[in-house]
Amino acid sequence: MLPSRHAKVLIIGSGPAGYTAAVYAARALLEPVLIQGLQPGGQLTITTEVENWPGDTMVMGPDLMVRMAEQAAHVGTQMVNDIVTKVDLSVRPFALETDSGTHWTADTLVIATGASARWLGLESEMKYRGFGVSACATCDGFFFRGKTVAVVGGGNTAVEEAMFLTKFASKVHLIHRRGELRADRTNQARLFANPKVEMHWNAEVTQVHGKDDPLTVEGITLGSTVGDAPRHLPVDGLFVAIGHVPATGLFAGQLTMDDEGYLITAPDSTATSIPGVFAAGDVKDKLYRQAVTAAGMGCMAALEAERFLTHTAEGGH
Ligand SMILES: Cc1cc2nc3c(=O)[nH]c(=O)nc-3n(C[C@H](O)[C@H](O)[C@H](O)COP(=O)(O)OP(=O)(O)OC[C@H]3O[C@@H](n4cnc5c(N)ncnc54)[C@H](O)[C@@H]3O)c2cc1C
């Protein structure tokens with residue numbers, strides 16, 4: 001039989017949303033348990049400098065996440081290095097299983113499983129990730145003042161990222177596999193009117209080139225989707241904007257999601273379609289996708305879980 005443990009507040013995920021929820025729940029004496037998942041610390045552990053976390057002029061992403069973990073543990077969060085593999089939200093308390101074979105029950109759940117950027121899948125792209133290859137213009141655009149960058153993608157996100165980058169970069173190449181963009185017409189019109197933007201139609205990035213010490217991007221190879229010869233494009237940075245995938249597979253068929261798999265919550269709230277289950281951070285947010293917004297939602301989720309538990313204890317439904 002599986003070992004069984006219970007939590008009043010069980011938090012899934014150890015990014016800024018999960019750790020912030022843990023700090024608030026622990027300080028409300030709810031003895032939260034946080035299951036860290038495959039990537040303890042979340043997405044910020046795969047980046048270098050973070051310059052937009054309030055209170056730190058510059059902090060390395062992995063260092064910031066270690067500090068968040070220490071703070072959450074310090075106030076009384078029980079950290080569990082495990083991965084949730086199964087969730088049953090049709091029973092109360094909610095039932096979960098983990099990779100280690102532990103069976104958890106929980107009165108409330110905070111889902112903070114995040115999302116991951118879709119990448120092109122090139123070895124050279126992996127090599128320069130965080131060193132000139134990025135999936136977040138809001139996060140990294142500032143590092144490319146006066147430089148030349150390329151953006152890959154054809155939807156609204158790619159166009160918005162390209163427009164945002166024109167504030168910093170001297171030149172922005174937008175690379176798209178097809179002969180027209182999927183982005184809406186207004187966005188396209190703004191893009192085409194910007195003199196810093198150069199379009200590369202029917203093209204795909206097949207290689208990222210650069211230096212090794214320090215790791216620096218110097219250019220990309222563009223292959224053609226219509227049979228033209230490959231060509232070299234000198235750039236200082238590459239932004240991949242081909243979408244994100246929220247980590248919501250565990251909740252499929254149980255919680256309401258949008259057509260891209262993001263969890264849907266009530267307006268101005270982290271409450272999901274099942275009372276007692278809250279969602280915070282990138283798993284429910286495809287608009288802002290920032291550490292500080294994820295942390296803010298983690299705070300909201302813990303406060304809402306606390307209110308839910310109080311209400312339930314008083315006999316509410
Ligand atoms: C390269 C890069 C650079 C970035 N730079 C910045 C920046 O400079 N500034 C900024 O504000 N934002 C930046 N971001 C965005 C920021 O990292 C995210 O917005 C933020 O991390 C989202 O936090 P989160 O807590 O929602 O989820 P995440 O950080 O995505 O964390 C998700 C957590 O869920 C866990 N998890 C997933 N599935 C399970 C499971 N089944 N069981 C248990 N746990 C699970 C994972 O292990 C992980 O710990 C960057 C992102 C990337 C990729």
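Domain bounds here come from an automatic or database domain assignment. The shell around the ligand draws at least three residues from each of domain 1 (4–116 + 244–313) and domain 2 (119–240). This is a predicted model: local features need pLDDT of at least 70, side-chain atom pairs count only at pLDDT 80 or more, and totals for chains, interfaces and linings use all residues. Residues are numbered from 1 along each chain as its sequence is written.

The ligand is surrounded by 42 residues. A residue is near a molecule if its C-beta atom, placed from the backbone, lies within 6 Å of it. The closest are G15, G37, G42, G114 and G281. Elements giving two or more residues to this shell are α1 (16–27), β9 (115–117) and α7 (291–313). Helices (H or I, at least four residues) and strands (E, at least two) are DSSP runs, numbered from the N terminus.

Helix α1 also packs against α7 and α2 (residues 61–74). Axes are lines fitted to C-alpha atoms, for helices over the stretch in contact, and angles run from 0 to 180 degrees between N-to-C directions.

| Pair | Angle | Axes |
|---|---|---|
| α1 and α7 | about 40 degrees | 7 Å apart |
| α1 and α2 | roughly 20 degrees | within 8 Å |

The contact joins P16, Y19, A22, V23 and A26 of α1 to M68, A69, Q71 and A72 of α2. Two residues are in contact if their C-beta atoms, placed from the backbone, lie within 7 Å.
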